[in-house]
Amino acid sequence: MTDKGLFITFEGPEGAGKTTVIKELYDRLKSDGRKVILTREPGGVPIAEKIRHIILDNTHQEMDAKTEALLYAAARRQHLVEIVIPALNEDTIVLCDRFIDSSLAYQGYARGLGIEEVLSINQFAIGDTMPDLTLFFDIKPEDGLARISNNSGREQNRLDNESINFHKKVYEGYQLLIERFPNRIHTTDASQSKDIVKENVWEIMSKFI
């Protein structure tokens with residue numbers, strides 16, 4: 001956590017719709033005259049975007065789970081030092097599409113590496129930079145994947161091809177994190193319409209900004 005800017009992250013299963021909502025929230029903050037940036041993980045800067053391509057490439061089906069976790073942590077570190085930390089030091093609101101909780105849910109829990117083990121890897125990468133607020137877009141895995149199949153414009157990646165059981169474990173992992181970090185992680189029902197979700201998230205954010 002920082003005493004300067006505000007670090008807000010957005011999490012959820014595949015197809016939760018958070019990426020669309022985040023962009024509209026960013027535009028709303030900009031129109032209100034706020035200093036705000038919008039970024040994503042993995043990615044956000046050239047090195048991390050290259051790592052993103054390696055991780056999510058559909059042809060890399062043989063990737064080991066620990067390799068995957070380490071690559072996410074490496075991309076996260078580069079993104080932090082180039083984008084997030086400098087912005088926070090300039091009293092800027094940072095909206096980030098995914099952060100450490102994704103690694104804990106996907107690699108730590110769903111891949112079976114262990115939440116504590118993946119947390120340790122990421123603590124080395126991020127130091128003491130944790131989100132001030134995390135918005136979890138709550139949607140059942142089946143519903144999220146159905147949205148993806150109906151959205152031809154969405155980026156299709158390696159994780160989308162995982163079994164439904166994997167995505168159910170991701171969801172279970174997030175529930176454990178919500179229980180563990182109740183003061184940081186706030187949930188919104190992402191099965192509702194985009195406009196309703198956007199307003200619900202805006203209401204939660206407004207209490208922190």
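Colleague: Where is A125 found?
Modeller: A125 is found in helix α5. Helices are DSSP runs of H or I with at least four residues, strands are E runs of at least two, and both are numbered from the N terminus. This is a predicted model: local features need pLDDT of at least 70, side-chain atom pairs count only at pLDDT 80 or more, and totals for chains, interfaces and linings use all residues. Residues are numbered from 1 along each chain as its sequence is written, and side-chain values use heavy atoms, leaving out hydrogens and water.

Colleague: Is A125 buried or exposed?
Modeller: A125 counts as buried, at 6% relative accessibility. Buried means under 20% relative accessible area, exposed over 50%, partly exposed in between, with a 1.4 Å probe and protein chains only.

Colleague: What does A125 touch?
Modeller: A73, R77 and L80, not counting residues up to four places away in sequence. Contact means heavy atoms within 4.5 Å.

Colleague: Let's switch to the sheet. What is the strand order?
Modeller: The order is β2-β3-β1-β4-β5, in an open sheet of five strands with parallel pairing. Two strands pair if DSSP finds at least two bridges between them. At the edges are β2 (36-40) and β5 (185-189), each pairing on one side only.

Colleague: How many bridges join β1 to β3?
Modeller: Five, and β1 covers residues 6-11. In that pairing, I8 has L95 of β3 as its bridge partner. β1 also pairs with β4, over four bridges. There F10 is partnered with L135 of β4.

Colleague: And on to β5, how many bridges from β4?
Modeller: Five, again in parallel. F136 stands opposite T187 there.

Colleague: How many residues of β4 are buried?
Modeller: Six of its six. L133, L135 and F137 point one way, while T134, F136 and D138 point the other way. In a regular strand the side chains alternate between the two faces of the sheet.

Colleague: Which strands does α7 touch?
Modeller: α7 packs on the sheet against β1, β4 (133-138) and β5. Its direction makes about 140 degrees with that of β4. Axes here are lines fitted to C-alpha atoms, for helices over the stretch in contact, and angles run from 0 to 180 degrees between N-to-C directions.

Colleague: Now α8. Which of its residues are buried?
Modeller: V197, K198, V201, W202, I204 and M205. They lie on the same side of α8, because they cover an arc of only 160 degrees around the axis. The arc is that of the directions from the helix axis to the C-beta atoms.

Colleague: What do they pack against?
Modeller: The buried residues of α8 pack against β1, α1 (18-31), β3, β4 and β5.

Colleague: Last topic, the largest nonpolar core. Which residues touch the most other members?
Modeller: F7, L104, Y106, V170, Y174 and L177, out of 40 residues. A nonpolar core is a set of buried Ala, Val, Leu, Ile, Met, Phe, Trp, Tyr and Cys residues joined through side-chain atoms within 4.5 Å.

Colleague: Which helix gives the most to this core?
Modeller: α3, with ten residues. There is also a second, separate core of 22 residues, including L29, L133, A190 and W202.
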